[in-house]
Amino acid sequence: MAGPSSLRGRQSFARVDFGQRPGEVPARVCFHMALVTTAAVVLHAFKYSESSKIVRLATEDVGVQSAVAKGAMRPKSKFGARLQVLSGGVAEMYMKPNRDLHTLAAFDVTRQRSELAGDVERYVTATALAELILRLAPAEPNPTVYHYLVAMLDDLVAVDRVNLEPFGLAALWGAVGILGFAPALDGCACDGRRLPDGAAKFSIADGGFLCQTCAATSTSATTLQKQDRQTLEKLVSGNIDDIAPIPPRHAAAHRRLIVRFAECHMNEDLELKALSMWERMWSDT
Ligand SMILES: [Zn+2]
C-alpha cells in the first residue's frame with residue numbers, strides 16, 4: 001500500500017501530530033489524517049453496513065474512540081473474528097481531527113479473554129464495566145482509564161465466584177471514580193459539611209451523601225443505614241476483602257444505586273443495556 005503505510009511504525013499518539021507539518025510526512029499522505037497505533041480493548045462492536053462493522057475502543061493513547069472496520073463482515077476479511085467485545089490488542093487507526101468516526105486499519109489481538117466469554121456471570125460483569133466506560137469516558141486521552149479497565153478485566157478472570165458480585169460493584173464504583181464522578185462520602189455533596197457517623201441520606205442527583213440541612217430540602221435523597229453506608233465506602237475504595245457478605249436485599253439496593261448513579265451522570269439519554277442486565281442477573285441467581 002502506498003502513502004499512509006509509510007507512517008507505520010509510529011508507536012504512539014504522542015508522536016503523531018495529524019500531519020500538520022507538511023515537511024515531515026510523505027507528499028501522498030492526506031495532511032489531515034494520521035495513522036495511530038495504540039493498545040486498545042474492544043468495548044462494543046456492531047454491524048454498520050452489509051460489509052462493515054463499527055467498533056468502540058478504549059485506547060491507551062487516544063481515549064475512547066469509534067472506528068469503522070471496512071469489510072469486517074466479509075468472510076475473508078483481515079479482521080476475521082478479531083473484533084470481539086472485551087478483546088485486547090493493538091489497534092491501527094487512521095484518525096481525522098474533529099471527527100467522531102475514524103477508520104480501523106488493523107487490530108492485532110493480544111488478549112482474546114475467552115475465559116470471560118465462557119462464564120456468563122463474569123462476562124456480563126465485564127460488559128457492564130465496558131459499557132460504563134464507553135458511556136462516561138471522555139474522548140480525550142486518558143491512559144488511567146485504559147489501564148484500570150485492563151486490570152479489572154484480568155482480575156475478573158481470577159476473582160472467586162463468591163466474591164464476584166461485590167467485585168463487580170467495586171469495579172463499577174472504581175470506574176465511576178476514575179472517570180471523575182466519584183460520590184461524595186466524607187462531606188456533604190452540596191456544601192462539604194462534615195458528616196457524622198451512622199445512617200445518612202444519599203442523593204444521586206447531587207452526587208453523594210448530604211448533611212441534614214441539605215437533605216431536608218432534597219426530594220430525591222434516600223437513606224442508607226450505617227452498614228450500607230460502610231459497605232458503599234468500601235466498594236468505592238475498591239476494598240472488597242473485608243466486606244461481609246451483602247444480604248440479597250441490600251445487594252439489590254447497591255446494584256440499583258450504581259446503575260442509577262451512572263445513568264444520572266451520562267450526557268446522553270441512553271439505556272445502559274449491559275448494566276441493566278448485570279443488575280438483573282444477580283436477582284435471578
Ligand atoms: Zn449540606
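A nonpolar core is a set of buried Ala, Val, Leu, Ile, Met, Phe, Trp, Tyr and Cys residues joined through C-beta atoms within 7 Å, where buried means that 20 or more other C-beta atoms, placed from the backbone, lie within 10 Å of a residue's own, while exposed means 12 or fewer and partly exposed covers what is in between. The model on your screen is predicted, and local features need pLDDT of at least 70, side-chain atom pairs count only at pLDDT 80 or more, and totals for chains, interfaces and linings use all residues. Residues are numbered from 1 along each chain as its sequence is written.

**Confidence**

Colour the chain by pLDDT, the predictor's confidence in each residue, from 0 to 100; the chain mean is 87, and 88% of the residues reach 70 or more. Then select residues 1-29, over which pLDDT stays under 50. Where pLDDT is low, the predicted coordinates should not be read in detail.

**The core**

Next select Leu-57, Ala-58, Leu-129, Ile-133, Leu-149 and Leu-172, which touch the most other members of the largest nonpolar core, a set of 72 residues. Helix H4 contributes the most to this core, with 9 residues (helices, H or I, have at least four residues and strands, E, at least two, both being DSSP runs numbered from the N terminus). Because domain 1 (3-112) and domain 2 (116-284) both give residues to the core, it lies between them; these bounds come from an automatic or database domain assignment. Centre the view on Leu-149, which, leaving aside neighbours within four places in sequence, is in contact (C-beta atoms, placed from the backbone, within 7 Å) with Val-41, Ala-58, Leu-129 and Ile-133.

**Two loop residues**

Leu-86 is buried, with 21 other C-beta atoms within 10 Å. Asn-98, in the loop between E4 and strand E5 (101-111), also has a positive phi, near 65 degrees, but Asn-98 counts as exposed, with 6 C-beta neighbours inside 10 Å.

**The open sheet**

Finally, select the open sheet of 3 strands, whose order is E7-E6-E8 with antiparallel pairing; two strands pair if DSSP finds at least two bridges between them. Strand E7 (208-210) and strand E8 (222-224) are the edges, each pairing on one side only. E6 and E7 are joined in the antiparallel sense over 3 bridges, and Ser-203 stands opposite Gly-208 in E7.

Conventions:
Contact = placed C-beta atoms within 7 Å.
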